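Keep the viewer open as you read.

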Amino acid sequence: MKKIQIFVLLSSLLITWHQKAYPAMGGQNHYPEEKIFVHTDRDLYVAGEKMFFSLWRFNQHEYRGPQSNFGYLALRSQGEVVEQLTLDLGKGFSSGSLYLHDTLSTGLYEIVAFTNWMKNHGETSFFRKKVFIANRFDKDLQNIVPEVMPDETLEISFFPEGENFIAGKENRILVAATGEFDSSNRLVYIVDQHQDTLKQTRLNQYGFGSFNMVPEASTAYHLKLDGAGKQFNFPQSHEKGVVLSVSENKNQFSVRIDLAEDSPSRALLKIKKQDRPVWEKAFLLDTAQVSISIPAKDLPGGILLFELTTEGNHHKASRYWFHQQDSPKITLSGKTQYNKREKVNLEILPELKPDEHAFVTVSVKKPFHLKKNPANPAFYHRNVIIANDLGIDYHHSEKRFGHLTNEELNQYLAGFSGKREKEVWTKRRNGSGFYMEDKKLIVSGMAKNPETKEPLQDVRVILNTPDSLLNLLYTHTDENGEFHFPLTDYYRSKELFFSIDPKSYEGPKKIEIVDKFDFYLPFDAKPDRSVWSNKQYINQSQDIVTVQKNFDVEYARKPDNQFFRISRPPMLYYKPNITVRTENYIPLDNLQEITRELVPVWRIRSSGDDFHSRLICGTTGNAIPDRPVYFLDGIITYDLNRLIHLGSEEIEKLEIHNFNWVHGEMTFPGIIGIFTKSEEYRNINAINGALASTFHQSTKHHKLFSAPTYETKTSGDPEKPDLRQLLFWQPELRINPEENQKIEFYTGDLTGDYLVTVQGMTTEGKPVHFKKTITVK
Amino acid sequence: MFIIAKKSYLTAIVFILCLMTTLPAFSANKHEPLLLDFEARLSGEVFTFHMQADGSQYLFENWVKGDVSFISGKSLKDQSFRYNGYLDELIWLHPSFYKPVKADKYQIESFTLYPPGGDTLIFENISFKPRFESDSLHFFAQKLYTGDISLVAYRQIKRTGETLESIGPRLVARPKIEPEPVYYLILPDDQVHEVRRLNRRSLYRIFSDERRAIREGFRREGLRINNERDLIKAVGIIDEILEKI
């Protein structure tokens, strides 16, 4: 009996461990959320240009299970999807280019990137960034400036560290200015009730700033913001309470507790991550100040909550802190001033672990950045960690913390209440979720009764594509009427035709194919200050593109290797029993004549206008019971009446496979393949009625960035102006540890500052990022 | 009695607790599985060939478990097959209709049979022109030995004569069919030689340049080639010798 108990206990523990160790055996919840980051070469474009992009997929660091090897990228305007791409994410990385049509109207557009798997977490998990596209001919740019300038609203919020503002103690306060008023980099003044200035500090570019102060009890304080024209009241200080301060240097956390209370008490300092304690210390809170040091290596990375409680679990103070663990670094060396058409030599200096590599994108461009766009993969990656640790939606994390440096973030977190905000867009299709496209692209759809709207369960759905050989895939709908087809490369850029096998269902039917680019989350296309305050720059960009078009200049070239591996088709049979080519015979008017004269094993009979046929079995010589199945240009059909009119003029080839044929669970009482000269299958919708079709957009090769060189005085074209705003774009550069990577390119004729950005991911899924400005004079 | 009852009670509690820890692992989740791929589909003609013969058309009379690999790279596992040596066709027992299906030969790259209590048999769909023959051959060949040189067997079942049988007043002739395997050696340069007789001389004729070394090798092993097993052993010896040369 004891042995049985032990056996049952061990078995259950083994099974549960197995689920954690091998999440592939579990369910959706065992797979970590995927994330995508997209880097575009610029944020501002003129219609008629190319947009170059690179894209990374990343997961949690320790995850080694299946991952999406296909991703999607869309360019949206407010009303529609303008462009859509399917991308190969085999290495966790992809790059490409998108042509922005001349006819695109001026305005903000949105880049959306996602994988099929990410859809399980809702559209808020998708990567989004805005780009501004100006139509070359729209010089007035009326759309970008609002008719009525919005009120310059301004709100000031105060965030004392540890939540408490205690009189007589040194408090660190974060000030946040929000609203339409441009508070970036402005001075703020702390004044007392007599308007005497006690302190001043400067807000950062995002309107945040912090300072220390020791408030006096019963004194009112105010804050004035340079240019705002009004002052804001400070929160009231308290005479009793606890101030909690946290700081971090390279190896150590320092926690300072200032007590403004009479009676000592036992206290507990706890550090938590995702609500789970990771460190704690009990002590007696009996002096005015207590300092505690904690080795940084003892704490995990991410968002930590420092919480101070006293006896009886009374909450006294708390604050959040973002602990950044060691991250790889890269820097860039090289001079910063260049002449026109001069060669630029820069060197990437990596600080990576011995077995760690990085894949980075390098861009050199005019510095125009749209506010509120994801800044770089390091910030994006950090915001993902913050969202995860705080249990908030990613776009909330980005909205609140998006562009802050770690230091600014920790200032902001000083007053962050951490109240969990669970607003998640949960609107999803009712269904069984989305599959991970780890090996193949998946096309999905739904079959339903068009009259009752009820899903059709367990019906067989057939997939064909027009081809010169018979191909067929089939699957069954599930309890939600859904079906899914994983597609090999054979289906690249082919039309897909879906039908329902009448042997599995004969009633009213309709098939709807899932459009992967059907978004429900709205897109705010209202241009903000970062756009309308740069009208001059936009006009200049429009002129540049006009000049480039006039001179027929394009800084792109076709890739060297344009071939794709194509998989074998899913053949219904390898070789037909009989093949008849009509060109070898005298022309005949219709199928009935053709069969009578050329195909004796295929017998067509008519009852009035109703035609039916039988085949004579190639093995037994007997008539095969039941009617054969017809394929028109590879698309299945069952109605001979719609095909009977086809004659030698239309038909190129007939394949007669006169056998009782089996394909998986499907049976065919003979198969007739009719291949036409002029795509007669396009009329097939009228034949079957329940057919749905879609174009299967697969991955494709994109044009690459190509810039002129000026090696000698004769190279390049001195007659053509070189007004590039993008000097260099290398989407995929491998950085090895202890190996400096050189970057070389030529400047153009456009003077001014250019921003060199190097960003990407290491093989361990950690982001790297570096920026440097060079000047062309 | 009370102690026994208490023990059973405790066992039941432990069991239920353990079961509860595994429930999340096995609970039905509407959102799994998340990885999707199709099983390969086997095509073929419903097999209706009948022959009243003296002897069996099949390598194994009973259905045998096996796997099949297709030229597409996919494979289908754990199906029931019979290899028909008379027609050189793989016959598949359809798992839903329970009808025999003659598999579409040209879509098959190889198949494996797992006869109960016996060795695993691997067959490959091969096509070649034997040396000194005018016609090409295409059949399912069983791999007997694989090395730098390979030995394969064509498990053909041939008509070897007739058997006369009295059925009532009539005398009925039935074809007599028997296994008559043919062995082929495939050399590193893809030349294919038929092993016409099961003896050493046949092999000396094929490997005339290495005759002496091979003869020595056979002598060392005391090998005489009387049956298929001996042939396999002999080919193994030749392979080792050729590797050293």
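Two residues are in contact when they have heavy atoms within 4.5 Å.

## Ground rules

This is a predicted model, where local features need pLDDT of at least 70, side-chain atom pairs count only at pLDDT 80 or more, and totals for chains, interfaces and linings use all residues. Residues are numbered from 1 along each chain as its sequence is written, chains are lettered from A and ligands numbered from 1 in the order in which they are written, and side-chain values use heavy atoms, with hydrogens and water left out.

## Chain A

Among the contacts in chain A between residues at least 6 apart in sequence, 70% join residues at least 24 apart. The secondary structure here is 8 helices and 46 strands, both taken as DSSP runs numbered from the N terminus (helices are H or I, at least four residues; strands are E, at least two).

Chain A has 777 residues, and 54% of them count as buried. Buried means under 20% relative accessible area, exposed means over 50%, and partly exposed is in between (1.4 Å probe, protein chains only). The accessible surface of chain A is about 35900 Å², with 47% belonging to carbon and sulfur atoms; such areas come from the Shrake-Rupley method with a 1.4 Å probe, and for residues only the protein chains shown count as cover.

## A helix pair in chain A

Have a look at α2 (residues 377-390) and α3 (residues 394-401) of chain A: their axes come within 8 Å and cross at roughly 120°. The axes are lines fitted to C-alpha atoms, for helices over the stretch in contact, and angles run from 0 to 180 degrees between N-to-C directions. α2(A) and α3(A) are therefore oblique to each other; under 35 degrees would be roughly parallel, over 145 roughly antiparallel, 65 to 115 roughly perpendicular, and the rest is oblique.

On the α2(A) side, the residues that meet α3(A) include A:Tyr380, A:Ile386 and A:Leu390, while the α3(A) partners include A:Tyr394 and A:Phe401.

Chain B has 4 helices and 13 strands. Of its 245 residues, 39% count as buried. Its accessible surface is about 14600 Å², and carbon and sulfur atoms hold 51% of that.

Which way does phi go at B:Asp78, which is not a glycine? B:Asp78 has a positive phi of about 55°. This residue lies in strand β3 (residues 75-84) of chain B and, at 52% relative accessibility, counts as exposed. B:Asp88 also has a positive phi, near 55°, but sits in the loop between β3 and β4 (89-93) of chain B. At 3% relative accessibility, B:Asp88 counts as buried.
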